[in-house]
Amino acid sequence: MKKKVLVVDDEQSILTLLQYNLQQAGYDVITAMDGEEGMNLAQSTNPDVILLDLMLPKLDGMEVCKQLRHQRINTPILMLTAKDDELDKILGLELGADDYMTKPFSPREVIARIKAVLRRSQFQTEAPEKEPQEEDSIKIADLRILPNYYEAYFKDELLELTPKEFELLLYLAKYKGRVLTRDQLLSAVWNYDFVGDTRIVDVHISHLREKMENNTKKPIYIKTIRGLGYKLEEPK
């Protein structure tokens, strides 16, 4: 079955370009030219991924992203922006976007990003064939990660994680106790180079801490190693 992509952008030329290239790559494509229409289509058509422009009429991309996440719609969102503004990028990530691209971009790059985000999210929609076994999991104190099922539990409560948050947590857990630099995490989790843009890692680390640390100011699981990066360790 073809994967469905919702593209929300108020520039007809961008919509036409993306629609043609995505269809050529084998995707079903739905388009919208304002935030309200995009929101409605995201709710009613159940897309596999959303390409969401930042600057939209009626409802901007930030608000669309915020409302979808508030409604617990965890469809991967790739935010499109013409602004080369670090603050806008970080705010989009903090509101729940999984990734962002700055215009102008090539259709080939967009397709590569979509493939990457779909690979990370596919396990969330696949029904498990059997109950998870202990050997299928990674356990660190009250944290339990099931890599084959794209699930993580903290104190037996299912964590609501975006695909990127899960990938980041899993990578930290696989290298428990090892200091990982931001550049290493960018390369491993995002699969491409954000030159000098390591704040994306900090934002996702902050999200993880909010979901599994009793005190985010004094984390006991995900530690910051000043000047180097992060490590996940067993609480003492």
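I noted that H7 and H8 are roughly perpendicular to each other (angles of 65 to 115 degrees count as such, and those under 35 as roughly parallel). The model is predicted, with pLDDT of at least 70 needed for local features and 80 or more for side-chain atom pairs, while totals for chains, interfaces and linings use all residues. Residues are numbered from 1 along each chain as its sequence is written, and side-chain values use heavy atoms, without hydrogens and water.

I looked up the axes of H7 (residues 182-190) and H8: they come within 9 Å and cross at roughly 80 degrees. Axes are lines fitted to C-alpha atoms over the stretch in contact, with angles from 0 to 180 degrees between N-to-C directions. Helices are DSSP runs (H or I, at least four residues) numbered from the N terminus. In the contact (heavy atoms within 4.5 Å) I found Arg 182, Leu 185, Leu 186 and Trp 190 of H7 with Ile 200, Val 201, Asp 202 and His 204 of H8.

Next I checked H2 (residues 35-45) against H3: their axes come within 10 Å and cross at roughly 25 degrees. That makes H2 roughly parallel to H3. From H2, Gly 35, Met 39, Ala 42 and Gln 43 meet Glu 63, Val 64, Gln 67 and Leu 68 of H3.

Last, I listed the lining of the second largest pocket: 15 residues, with Arg 69, Asn 74, Leu 95, Gly 96 and Lys 211 nearest its centre. A pocket is an open set of points on a 1 Å grid over the protein atoms alone where a 1.4 Å probe fits, with protein on both sides within 12 Å along at least five of seven lines; lining residues have an atom within 4 Å of a point. Helices H3 (61-70) and H8 (199-212) are the elements that give two or more residues to this lining.

Definitions and conventions
Parallel < 35°, antiparallel > 145°, perpendicular 65-115°, else oblique.
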